[in-house]
Amino acid sequence: MSLAAILVTMLQFALCSTAVATNSFPDFQLLNVNETLTGTKMFKPLGLSETDDHRGKWNLKLVHRDKLLSPNDSSTLHNHGRRFHVRMQRDVKRVASLLRRLPGNGTHYGDAAYEVNDFGSDVVSGMDQGSGEYFVRIGVGSPPRSQYMVIDSGSDIVWVQCQPCNQCYRQSDPVFDPANSASFAGVSCGSSVCDRIENSGCNAGRYCRYEVMYGDGSYTKGTLALETLTFGRTVVKNVAIGCGHVNRGMFIGAAGLLGLGGGSMSLVGQLGGQTGGAFSYCLVSRGTDASGSLVFGRGAMPVGATWVPLLRNPRAPSFYYVGLSGLGVGGVRVPISEDVFRLTELGYGGVVMDTGTAVTRLPSSAYNPFRDAFITQTANLPRASKVSIFDTCYNLSGFVSVRVPTVSFYFSGGPVLTLPARNFLIPVDDMGTFCFAFAPSGSGLSIIGNIQQEGIQISFDGANGFVGFGPNVC
């Protein structure tokens, strides 16, 4: 059976009661240990020309951040253990940043008219620099200058490094120079757009200044502008972007960030009614040379997906919340109170889907029984010492494949998503150490990370308030 067929088999949903759903899934599946480890050792960086869309498709290529590693960086490029540990360090900072932001308010953006059809881009996966972020390649300015941008479903701003660059980190492409763009227009201090962004100010008494700080100490500072962005053959005019002249942090490789959050200053928010708040992505599995995709517009909404209602948190409008009612291991629902996952009226708790977080986090009251159920059903596998943020690891060296219990998310209203084995038991080195890819959040918040989302088409229908899973895999 092909990998795609296996993924389709694992990506099953039950639109029925929980009692029936628990009997609708296979209680175990096979993890191909050799194939997974081979993928970590045959990693190949992405050439710049490989992401250019010469066929005029509106499907943008999503690549994982590590694909942008230089072939000269062999110490990281060919060392999966090193890539993993750096990625986990970044992930811990990412989660800490999200937790600090939760009580804050989102930003809002005024009306703007765009003539935009359904468009998209391929998404590339990147483990090598330890980040959980995914990159997309778009054109900035007129004429368009191709740039790699981090996509972030938890951010509400679009920004790019700009000349003159008083302080810039290293990126794969030449730094964008607004002096060479015919469509670049600075936003004035008196503009309503300037009034509606956080940490805004006035630069030299004329242009709007912005600042964005990230939880890992990274930041970008510069001027706000209206600029043209190009996605394949689709040209989007007058997008409010930050033009960063002072930038620091862990965005190595990317020129900036493409915010896809629920707030109105994100790209999704700015496109507004022209795309109906609709976009879809498929994150390619780690350690492969394939790429995923990112598509915008109503045409991106697939037929045959299983839809789960999106929940809105007024205290954190940037984030995409979903209703989760429980977790399953081996086809059996773990005894966890639904209240553990509930989003309260005050905006606390709940379950967020995030592209920038790698590892799914759960409150300890959910994680502990969930982990214990998995340990009970894997008692025949040799254990290994804990690694990084993972406390449940196994020594699978010498195994060709292993039998593992299924792991499932039970969503509110009935749908059940059963994950492929490689989405919850992942290699952390080149020697055969695999770990259960979940961790306690240290708070009441749950975060569904990108490792658990990999290989599954995920679609956001903001206008109607739903997120869809499937029916396609990547």
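Reader: Which residues does the UniProt annotation "active site" cover?

Author: An annotation of this kind comes from a record, whereas the model discussed here is predicted. In the unreviewed UniProt entry, the "active site" annotation covers Asp152 and Asp354. They span 203 residues in sequence, yet no two of their C-alpha atoms are more than 7.6 Å apart, so they gather at one spot.

Reader: Where is aspartate 152 placed, and is it buried or exposed?

Author: The place of a residue is read from its secondary-structure element, and its burial from its relative accessible area. Aspartate 152 belongs to strand 5, residues 145-152. Its relative accessible area is 2%; because buried means under 20%, aspartate 152 is buried.

Reader: Where is aspartate 354 found, and does it count as buried or exposed?

Author: Aspartate 354 is found in the loop between strand 19 (351-353) and strand 20 (360-362). With a relative accessibility of 0%, aspartate 354 counts as buried.

Reader: Which side chain makes a polar contact with the side chain of aspartate 354?

Author: Here one reads the partner and the distance together. The side chain of aspartate 354 makes a polar contact of 2.7 Å with that of arginine 94. Arginine 94 is also joined to aspartate 152, through a side-chain polar contact of 2.6 Å. Setting aside neighbours within four places in sequence, aspartate 152 is in contact with several residues, including Leu257, Gly259 and Asp354.

Reader: How many residues has the largest nonpolar core, and which have the most contacts inside it?

Author: A core is read from its membership and its contacts. The largest nonpolar core has 73 residues, and Phe424 and Phe438 are those with the most contacts inside it. Helix 8 (residues 364-377) supplies the largest share of this core, 5 residues. Another core lies apart from it and has 15 residues, among them Trp159, Ile197, Tyr210 and Tyr214. Leaving aside neighbours within four places in sequence, phenylalanine 424 is in contact with Phe374, Val404, Leu419 and Phe438, among others.

Reader: In which sense do strand 10 and strand 11 pair, parallel or antiparallel?

Author: The sense of a pairing is read together with its bridges. Strand 10 (residues 219-231) pairs with strand 11 in the antiparallel sense, over 12 bridges. Threonine 230 stands opposite valine 235 in strand 11. The two strands form a hairpin with 2 residues between them, and glycine 232 in the turn has a positive phi of about 65°. Strand 6 (residues 158-161) runs parallel to strand 11 (residues 234-248), joined by 3 bridges. In this pairing, tryptophan 159 stands opposite glycine 242.

Technical notes. Residues numbered from 1 in each chain as written. Predicted model: local features only at pLDDT ≥ 70, side-chain atom pairs only at ≥ 80, totals over all residues. Heavy atoms only, no water. Core = buried A, V, L, I, M, F, W, Y, C linked by side-chain atoms within 4.5 Å. Buried < 20%, exposed > 50% of the residue type's maximum accessible area, 1.4 Å probe, protein only. Helix = DSSP H or I, 4+ residues; strand = E, 2+ residues; numbered from the N terminus. Contact = heavy atoms within 4.5 Å. UniProt positions renumbered as here; feature names shortened; annotations may be inferred. Polar contact = N/O pair within 3.5 Å; in protein donor to acceptor, adjacent residues only side chain to side chain. Pairing = 2+ DSSP bridges.
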